[in-house]
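Biologist: Before we begin, may I ask that each term be set against its definition as we discuss this structure?

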Amino acid sequence: MSVFYENVDYDGLLAKMDQKSFVIDVRERHELAATGSLPNSLNFKLGELENDLSLPAEVFEKKYNVPKPDKDNNEIVFSCARGNRSRRAAEIAFKLDYKKLFNYTGGWAEWSVKYPSA
């Protein structure tokens, strides 16, 4: 099977954030509580991702307070701690017919070192 998502590094992630791409962190909530999260990111548990991306648009919007990503037009960047769960998340989204998918390979491990803290 061919690759159906692109890997992005730290600079690539910053560019995607500037373009208002959806950034979805698939780490567990206790991880986010311990470390913090990427700016303006959404948190989906990896185990719930398939269900959440399959929700009707109005249910999705009520749950996450943002419009549901459009399968053909919106870019989605997945992130986790080190890039493994986010790769699986991209695979799940691809199976649901999402087209513009990206995996932030550095994950929180890279972000926490490179991003200037406030």
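**Pocket, sheet and buried residues**

Modeller: The largest pocket has a volume of about 260 Å³. This is a predicted model, in which local features need pLDDT of at least 70 and side-chain atom pairs count only at pLDDT 80 or more, while totals for chains, interfaces and linings use all residues. Residues are numbered from 1 along each chain as its sequence is written, and side-chain values use heavy atoms, with hydrogens and water left out.

Biologist: What makes a set of points a pocket, and how is a volume defined?

Modeller: On a 1 Å grid over the protein atoms alone, a pocket is an open set of points with protein on both sides within 12 Å along at least five of seven lines; a cavity is a set where a 1.4 Å probe fits but cannot get out. Grid points are joined across faces, edges and corners, and the volume is the space filled by probe spheres set on the points.

Biologist: Which residues line the largest pocket?

Modeller: Its lining, meaning residues with an atom within 4 Å of a point, consists of M17, K20, S21, F22, V23, P39, N40, L42, V66 and P67. They divide into seven nonpolar, two polar and one charged.

Biologist: Why is K16 called buried?

Modeller: Buried means under 20% relative accessible area, exposed over 50%, and partly exposed in between, with a 1.4 Å probe and protein chains only. K16 has a relative accessible area of 12%, and therefore counts as buried. K16 belongs to helix α1 (residues 10–18), a helix being a DSSP run of H or I with at least four residues, and a strand a run of E with at least two, numbered from the N terminus. Beyond four places in sequence, K16 is in contact (heavy atoms within 4.5 Å) with S21, E75, V77 and F102.

Biologist: Why does E31 count as buried?

Modeller: Its relative accessibility is 19%, so E31 counts as buried. E31 lies in helix α2 (residues 29–35) and, leaving out residues up to four places away in sequence, touches G36, A81 and R85.

Biologist: What makes β1 and β3 edge strands?

Modeller: Five strands form an open sheet with parallel pairing, in the order β1-β5-β4-β2-β3. In it, β1 (6–8) and β3 (42–43) each pair on one side only. Two strands pair if DSSP finds at least two bridges between them; strand β2 (residues 22–25) is joined to β4 by four bridges.

Notes. Nonpolar A, V, L, I, M, F, W, Y, C, P; charged D, E, K, R; others polar.
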